Amino acid sequence: MTDLPSDAQTAVSSAPAADTARDERRRARRSRLYRWDVRFSPYALIAPFFLFFVVFGLFPLLYTGWASLHRVELGAPTDMEWVGLRNFSRLLDDDFFWNALRNTFTIGLLSTVPQLLMALGLAHLLNYRLRGSMFFRVAILTPYATSVAAATLVFVLMFSRTDHGLINWGLGLAGIEAVDWQNGDWTAQFAVSAIVIWRWTGYNALIYLAAMQAVPHDLYESAALDGASRWQQFLHVTVPSLRPTILFTCVVSTIGATQLFGEPLLFSQGASPTGGSDHQFQTLGLYLYEQGWFNQHLGRASAIAWTMFLLLVLIGLLNWAVSRWIRKST
């Protein structure tokens with residue numbers, strides 16, 4: 001075989017070296033792209049959430065805080081007059097604000113306590129093997145899927161002050177005089193609380209049921225061997241195991257009660273934001289709505305919104321403190 005010239009031999013020998021260098025550069029580039037993908041892809045995937053949160057959550061929150069420091073009217077929202085903390089100080093002297101805060105607390109208490117107790121009992125019943133248990137689990141969630149407007153309108157008819165109302169009709173059969181549910185202080189708050197209880201009991205019951213099914217069966221077997229009855233097992237095994245879940249539902253229900261709006265608004269005649277003729281069931285949400293969209297004082301409404309936000313922050317801090325105490329105690 002004829003020997004190749006020296007230049008040809010050099011070109012042939014340098015070709016594999018060039019291919020190797022090119023492959024190494026390609027592998028290095030792919031490795032770098034892979035590291036970038038692993039590092040930055042999660043941020044790209046969650047970026048839409050944070051983008052929408054900034055646009056529809058954080059910006060309105062900060063702008064509401066800025067508006068609360070100004071005198072702003074609904075007719076001219078861009079004309080702002082600096083008043084500092086005047087809108088907040090006026091709330092301290094406003095009897096309607098304290099009335100709305102008191103109503104929010106009482107309605108929240110009347111709705112949250114029976115709701116969670118009933119939800120805990122229903123979950124305990126559904127936790128046992130029942131024939132058609134799946135049907136009952138779907139059935140108790142039906143009120144949650146019902147719209148606020150539809151549920152409230154039905155309850156308005158039920159709590160009608162005339163004899164045609166279902167509740168007063170039942171009271172009449174028992175020989176009790178008809179009650180004017182909407183115009184009484186405690187009766188109106190009880191009626192609004194009944195709507196909240198009906199809508200949210202099944203939802204909380206399913207949360208409790210999921211937590212109960214995660215409790216180890218060995219604990220129940222040990223308690224049964226020790227002679228514990230079903231009731232004793234519920235008190236000394238189920239409830240202690242559900243303490244974090246119970247705390248979670250208490251906090252979420254409290255937050256929901258603080259923001260209560262649709263039920264009292266539609267329960268009032270003509271969907272009035274006053275919460276009855278004497279503001280007897282006006283909540284903070286209704287009071288905010290009245291100040292901002294009926295009295296057209298956006299600055300005051302913003303101050304009320306930030307006051308509600310601060311209340312929710314306090315609830316969150318309380319939840320954190322209690323959760324920490326529970327973790328230490330267990």
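Reply: A crossing is left-handed if the near helix is turned anticlockwise from the far one by less than a right angle, and right-handed if clockwise. Helices (H or I, at least four residues) and strands (E, at least two) are DSSP runs, numbered from the N terminus. In this predicted model, local features need pLDDT of at least 70, side-chain atom pairs count only at pLDDT 80 or more, and totals for chains, interfaces and linings use all residues. Residues are numbered from 1 along each chain as its sequence is written, and side-chain values use heavy atoms, with hydrogens and water left out.

Me: Which hand has the crossing of H3 and H7?

Reply: The crossing of H3 and H7 is right-handed. Axes are lines fitted to C-alpha atoms, for helices over the stretch in contact, and angles run from 0 to 180 degrees between N-to-C directions. The axes of H3 (residues 95–126) and H7 come within 6 Å and cross at roughly 35°. Residues are classed as nonpolar (Ala, Val, Leu, Ile, Met, Phe, Trp, Tyr, Cys and Pro), charged (Asp, Glu, Lys and Arg) or polar (the others, Gly among them). The contact of H3 with H7 has 20 nonpolar, nine polar and no charged residues.

Me: At what angle do H4 and H7 pack?

Reply: H4 (residues 133–145) and H7 (residues 185–213) pack at about 140°, with their axes 6 Å apart. H4 is therefore oblique to H7. Angles under 35 degrees count as roughly parallel, over 145 as roughly antiparallel, 65 to 115 as roughly perpendicular and the rest as oblique. The crossing of H4 and H7 is left-handed. By class, their contact has 10 nonpolar, two polar and two charged residues.

Me: Is Arg199 buried or exposed?

Reply: Buried means under 20% relative accessible area, exposed over 50%, and partly exposed in between (1.4 Å probe, protein chains only). Arg199 lies in H7 and is buried, because its relative accessible area is 7%. Contact means heavy atoms within 4.5 Å. Leaving aside neighbours within four places in sequence, Arg199 is in contact with residues including Pro143, Tyr144 and Glu263.

Me: Why does Ser323 count as buried?

Reply: Ser323 counts as buried because its relative accessibility is 19%. Ser323 has its place in H13 (residues 298–329).

Me: In what sense do S1 and S2 pair?

Reply: Two strands pair if DSSP finds at least two bridges between them. S1 (residues 70–73) and S2 (residues 76–82) pair in the antiparallel sense over three bridges. The bridge partner of His70 is Trp82 in S2, and S1 and S2 form a hairpin with two residues between them.
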